[in-house]
Amino acid sequence: MELEKTWADIISTVEFNHTGELLATGDKGGRVVIFQREQESKNQVHRRGEYNVYSTFQSHEPEFDYLKSLEIEEKINKIRWLPQQNAAYFLLSTNDKTVKLWKVSERDKRPEGYNLKDEEGRLRDPATITTLRVPVLRPMDLMVEATPRRVFANAHTYHINSISVNSDYETYMSADDLRINLWNFEITNQSFNIVDIKPANMEELTEVITAAEFHPHHCNSFVYSSSKGTIRLCDMRASALCDRHSKFFEEPEDPSNRSFFSEIISSISDVKFSHSGRYIMTRDYLTVKVWDLNMENRPIETYQVHDYLRSKLCSLYENDCIFDKFECVWNGSDSVIMTGSYNNFFRMFDRNTKRDVTLEASRENSKPRAILKPRKVCVGGKRRKDEISVDSLDFSKKILHTAWHPSENIIAVAATNNLYIFQDKVN
Amino acid sequence: MEFKLEAHRIVSISLGKIYNSRVQRGGIKLHKNLLVSLVLRSARQVYLSDPCPGLYLAGPAGSPAVPPPQPGEPAAGPPAGWGEPPPPAAGAAWPEIEPQPERPADPATPRAGDAEPGAPMTGAGETVRGGEVEAAEAAWRRVEGPREAAEGGAGGPAGGSDGFPEGLREARRHCGCPPGAADRPGPLGACPRVDCCCAPRPAEDEPPAPPAVGPRKRGAAGVGGGPAPGSSPLKKPRRNSEEQSGGAAEEEEEEEMETGNVANLISIFGSSFSGLLRKSPGGGREEGEGEESGPEAAEPGQICCDKPVLRDINPWSTAIVAF
């Protein structure tokens, strides 16, 4: 039975926290749902911890900018976790204009025994109170509450596409189409602009910022990708405004592949540092590329995600699919990379063995303990039994957002409004 | 020919996307519009460089490799792969270098601006209505006399939006001429053969147009009659909105989103091209009154469609209007 899909339930971002214990999702309705991995019990040693809903809260609401007559969507564009420093969890969530810092904490005790109020909560007449009772903490059912601790607003004219927490854990950056701002977590009424590519004359605009991320270890370095398929590495020590890059990564275009849509498909939709900090991975419409930070003139690896779409670009342009922004992720050891495709397919590439696999996130093959069967797209000629032809692909089922557990082989795959969590088979 | 149709189709689709982006929730998405404008520019180049039906060899479907619009070069020839985008001077140089057969020119082909002083496009940001868009899109599939649209006045949205897509009617003529040729003297009556059914009609109520025949004659000056009257109505509302937003924009922290103006786009297509061939940064549009010159000029946040393409589109309108 096909459940009716609500637009607001469409998942727009997925992110594990640094330990992998928590998994956060954001949706188009502005909500954040956090899953927590259940502790492995001693009784069932071989039962891997499953993820259950831990907390749900409304992070952003739709807003209306009266001055500009423009509605601000509540869709959560990105969630990024802060490293855990105490019992509470902290995450950043952002929509197009406003970043918020949320504190997610547990409460399992409550104070009881106040005698200043009666049972209904009304203040008692002071004249009737003869003693002052100190309330005691009594256990209660676990309650997880999320509170907004900081709201970082009014710093972006254009739509925020990325946020990234710095390795110093004191600052983070937010990037929109033309600017990147650096924030201190404690200060909400100011941010530093560190990148500004807005031309003096907007008519001369040729590229926009599409994604940005801090280096995982070097708090002074970050990268940002552009709609022209380039990546710039910047060093904040060099100058206050990092308009001049330290490194510029660009691959020369292959002239034989030129088409009306060359520019669109070269636009980078996501950029991610490897955990090691030595590589960056970029995703454009048809490929995933791995770049070595020490080599700027071309990527060291290029993986075709769904090259069979190259001949269909015009149709994909018409139905807007060509503008889909796929994300990409590294596994914990940087040996495998994963990204999504259409028809609820997602792809994994093993960088060492050079093997790749296509899997599908669907209800049919997602019964618990079921093993995912590799899928194959038939690009021409005879279609084998299990293959699916390009024309049968469902382009409304796209996997844009995926996440990989930081240390284990557990992946989270968002397929429209469904979240699939897959784990490695335990032998 | 195949490429020309393909390019034309892509231009229509692209303009539709830009148009629709105005009503999208969340405001105009700069990135997407930039990409669309790049496609628009590419398609325009192809369209304008494709000389005549039948002169091109078929290429791979979906990604036609067409000769670049090399100035002065005969347009016919086997697909040679993608070429360089035309030099910035191409815009201004159109009248001289255009080797292609003329499109019937109707400089004063009624456009949104021309027809209605209070044309809805003026509201560009504020008065976008879904109906407008629908009307525009519907218009693209109908063949309409420009007169109707123009005078059309069909008051409000219809009039304005009809003006917009006029250049992009998708009527197919059996003579094989590009769409839209038959019905009006307006844009896209790209029919080089004088004897074909797509003979352009003479403009009726419009200011006198340059001679309709004369394939090589595409005079920017000649068709410059239109824009002035056409543009004024559009200019006013833009100024108004600029004033409104100017105050707010003065506050540093309230920077307006830089927005292009789809009304400009419409007027570009709608009007002829005096001033449109300027390639100076502020130019390209007769409303080059500094609308891109910073936040003050921004419309209340509706559109951020200022792209170089809008300047590039001018030669496009030149092409479709000139004759």
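Which residues point one way from β17(A), and which point the other way? Keep that in mind while I say hello, everyone, and mention that what we have on screen is a predicted model.

Now for the reply. Ile231(A), Leu233(A) and Asp235(A) point one way from the strand, while Arg232(A) and Cys234(A) point the other way. Whichever way they point, all of them are buried.

If you want one pair to find on your screen, look for Tyr224(A), which stands opposite Arg232(A) in β17(A). The two strands, β16(A) and β17(A), form a hairpin, with four residues between them. In that turn, please find Gly229(A), whose phi is positive at about 85 degrees.

There is also β18 of chain A, residues 247–249. β17(A) pairs with β18(A) in the antiparallel sense as well, through three bridges. Here the pair to look for is Ile231(A) and its bridge partner Phe249(A) in β18(A).

Let's move to another part of chain A. Four strands make an open sheet here, in the order β7-β8-β9-β10, with antiparallel pairing. The strands at the edges are β7, residues 78–81, and β10; each has a single partner strand, so one side of each is left without a neighbour in the sheet. On average, neighbouring strands of this sheet are turned by 25 degrees against each other, ignoring direction.

Inside that sheet, zoom in on β8 of chain A, residues 89–94. Six bridges join β8(A) to β9(A), and the two run antiparallel. Leu91(A) has Trp102(A) in β9(A) as its bridge partner.

Now follow the chain out of the sheet. Between β9 (99–112) and β10 (136–152) of chain A there is a loop, and Leu123(A) sits in it. Is Leu123(A) buried or exposed? Its relative accessibility is 68%, and since the cut-off for exposed is over 50%, Leu123(A) counts as exposed. Together with Leu116(A) and Leu132(A), Leu123(A) makes a nonpolar surface patch of about 350 Å².

How many helices and strands does chain B have? The count is ten helices and zero strands. Of the 323 residues in chain B, 63% are buried.

Let's take two of those helices. α1 of chain B runs over residues 2–21, and its 20 residues reach 28 Å from the first C-alpha to the last, close to the 28 Å expected at 1.5 Å a residue. In α1(B), 16 of the 20 residues are buried, so the helix is largely enclosed by the rest of the structure. Then comes α2 of chain B, residues 30–49. With 20 residues at 1.5 Å a residue, α2(B) should span 28 Å, and its end C-alpha atoms are 28 Å apart, which agrees. Here 19 of the 20 residues are buried, so α2(B) is largely enclosed by the rest of the structure.

My last topic is salt bridges. Over all chains, the structure holds 36 of them. One is between Asp108(A) and Lys109(A), with the closest N and O atoms 3.4 Å apart. Asp108(A) is partly exposed at 38% relative accessible area, and Lys109(A) is partly exposed at 43%. Another joins the side chains of Asp307(A) and Arg310(A), at 3.0 Å from N to O. Asp307(A) is partly exposed at 34%, and so is Arg310(A) at 23%.

And here is one that brings us back to helix α2 of chain B. Asp320(A) forms a salt bridge with Lys32(B), and the closest N and O atoms are 2.7 Å apart. Why does this pair join two chains? Asp320(A) lies in the loop between α2 (313–318) and β23 (328–330) of chain A, whereas Lys32(B) lies in helix α2 of chain B, so the pair joins two chains. Asp320(A) is partly exposed at 26%, while Lys32(B), at 18%, counts as buried. Finally, salt bridges that share partners join Glu71(A), Glu73(A), Glu74(A), Arg25(B) and Lys29(B) into one network.

Conventions. Residues numbered from 1 in each chain as written. Chains lettered and ligands numbered in written order. Predicted model: local features only at pLDDT ≥ 70, side-chain atom pairs only at ≥ 80, totals over all residues. Heavy atoms only, no water. Patch = residues over 30% accessible without salt bridge, like charges linked within 9 Å, V, L, I, M, F, W, Y side chains within 5 Å. Areas by Shrake-Rupley, 256 points an atom, 1.4 Å probe, with all protein chains shown as cover. Salt bridge = Lys/Arg side-chain N within 4 Å of Asp/Glu carboxyl O. Buried < 20%, exposed > 50% of the residue type's maximum accessible area, 1.4 Å probe, protein only. Expected span 1.5 Å × (residues − 1). Pairing = 2+ DSSP bridges. Axes fitted to C-alpha atoms, helices over the stretch in contact; angles between N-to-C directions.
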